[in-house]
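Hello,

I am passing on the structure we spoke about, so that you can look through it yourself. My notes on what was found follow below it.

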Amino acid sequence: MNTYLVGGAVRDKLLGLPIKDKDYVVVGSSVDEMLALGYQQVGKDFPVFLHPKTQQEYALARTERKTGTGYQGFSCDASKSVTLEQDLLRRDLTINAIAQSNNGDLVDPYNGVNDINNKVLRHVSDAFVEDPLRVLRVARFAARFHQLGFTIAPETVELMKQIAVSDELSHLTPERVWQEIDKVLDGQHPEIFFQVLRDTDALEVILPEIDNLFGIPQPEKWHPEIDTGTHTLLVLAAASKLSTDKAVRFAALTHDVGKALSPKATLPKHHGHGQKGISIIKALCKRLRVQNEYRDLAVLVSDQHQNIHNAFELKPETIIKIFDKTDLWRKPHRLEQLLICCHADMQGRTGFEQASYPQREYLTACFDVAKKVDVQDIIGQGFKGADIKQQLYLTRIEQVKILKNNLK
């Protein structure tokens, strides 16, 4: 029985990155032997165990054989005869197919170290095409290691396209797809993930709502990049620089999905696209089981981003109505989320990457003066019942009006 450190821990150590989790593969052992040593079995589909002291994961070396559709359609052989090289062969990328022995020696049968040095994401074998989830994983690695200069090997791109045109991607469960997207939204360059999916013809299967935006023109006066899909990924990139909030990034990704419904006769104009996008966002979130927090902010941004852009032209009563509609009195954090998304929308245009967004400071100031209105003062003035709510509304409008006049 021999154990080896494998996968991400070895890869990240070679890249000089922090190591989060350590996974081990065990060669020459069996389920009974592992249990006898005190390991706790946790894997249902294949033998994975928790170390009795460290609680780190140890998996028996295994091979896999495609027996059905999707990423779960495999049978596994974890017998004692499976070698380390056979176990590493089933992995997705060469950079993830490196093992390290207890004495620190590397086992690298598929030249993963060389690909790390050359910053290449390359599949280990042609069995890559048997698991559709690998399209999303490679796209995620491309996003994660983008700042390090990694690119995907052309032959791997071709295999990803091969998977995309097959029916395999449709067998991925919504939860698994969203899990990959949610991980990507936590990184520095989530836009790369979606661009890779687009480049490999997978985006139209995974997120058709975003794929539909490519090829849709916008007025060049406001959008020098013209293409709505290009703009969407630029906005996501901008939002990722402005905030680490995954809900903000998701809202940035979906803020313009309604433009796909604009009549061709009216292009490149997109009247009412924010409101058209609401039903698309809700359907997307229902399909992928997206968290309500993400969905609600995305709907809010789609609905209100045009109003926010025009903040200085809005009447005080319109501003208060927006605050009411977005439930800011109970959820004040939404304002900053909304404003960051709109700021990103401004910067997500060619040539405007560093643009300021004074609407952000203005609407924050409007909310600050409006929320200072004390309902107890209104009650103290003798208002009762429904009149309290009306007077609260009118007083808030008056405070915004005073602020607006002072800024002239």
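**Cores, a pocket and the cysteines**

In the largest nonpolar core, which has 103 residues, those that touch the most other members are Leu121, Leu169, Ile181, Phe193, Phe194, Leu207 and Phe250. Helix H5 (residues 133-144) supplies the largest share of this core, with 8 residues. Please keep in mind that this is a predicted model.

Not counting residues up to four places away in sequence, Phe194 touches Ile181, Leu203, Leu207, Leu233, Leu236 and Leu253. Another core lies apart from the largest one; this other core has 11 residues, among them Val6, Val27, Val82 and Leu84.

Next, Asp87. This residue is part of helix H3 (residues 84-89). Asp87 counts as buried because its relative accessibility is 0%, and the cut-off for buried is under 20%. Its contacts, leaving aside neighbours within four places in sequence, are Val25, Leu60, Ala61, Arg62 and Val82. Val82 is also one of the residues of the 11-residue core. For a sense of distance, Asp87 and Ser243 are 40 Å apart in space, C-alpha to C-alpha, and 156 residues apart in sequence.

Then there is the second largest pocket, with a volume of about 520 Å³. It is lined by 22 residues, and the closest to its centre are Trp222, His223, Lys259, Gln306 and His309. Helix H13 (273-288), helix H14 (292-309) and helix H16 (333-347) are the elements that give two or more residues to this lining. What is the make-up of the lining by class? It has 13 polar, 5 charged and 4 nonpolar residues.

Last, the cysteines. How many disulfides does a search of the whole structure find? The search finds 0. For Cys342, which is in no disulfide, the nearest cysteine sulfur is that of Cys341, 6.8 Å away. A disulfide needs two cysteine sulfur atoms within 2.5 Å, so a pair has to meet that limit to count. Cys342 is buried, at a relative accessible area of 1%. Cys366 is in no disulfide either, and the nearest cysteine sulfur to it, that of Cys342, is 14 Å away. With a relative accessible area of 0%, Cys366 is buried as well.

Regards

Terms used
Residues are numbered from 1 along each chain as its sequence is written. This is a predicted model: local features need pLDDT of at least 70, side-chain atom pairs count only at pLDDT 80 or more; totals for chains, interfaces and linings use all residues. Side-chain values use heavy atoms; hydrogens and water are left out. A nonpolar core is a set of buried Ala, Val, Leu, Ile, Met, Phe, Trp, Tyr and Cys residues joined through side-chain atoms within 4.5 Å. Buried means under 20% relative accessible area, exposed over 50%, partly exposed in between (1.4 Å probe, protein chains only). Helices (H or I, at least four residues) and strands (E, at least two) are DSSP runs, numbered from the N terminus. Contact means heavy atoms within 4.5 Å. On a 1 Å grid over the protein atoms alone, a cavity is a set of points where a 1.4 Å probe fits but cannot get out, and a pocket is an open set with protein on both sides within 12 Å along at least five of seven lines; lining residues have an atom within 4 Å of a point. Grid points are joined across faces, edges and corners, and a volume is the space filled by probe spheres set on the points. Ala, Val, Leu, Ile, Met, Phe, Trp, Tyr, Cys and Pro count as nonpolar, Asp, Glu, Lys and Arg as charged, and the others, Gly among them, as polar.
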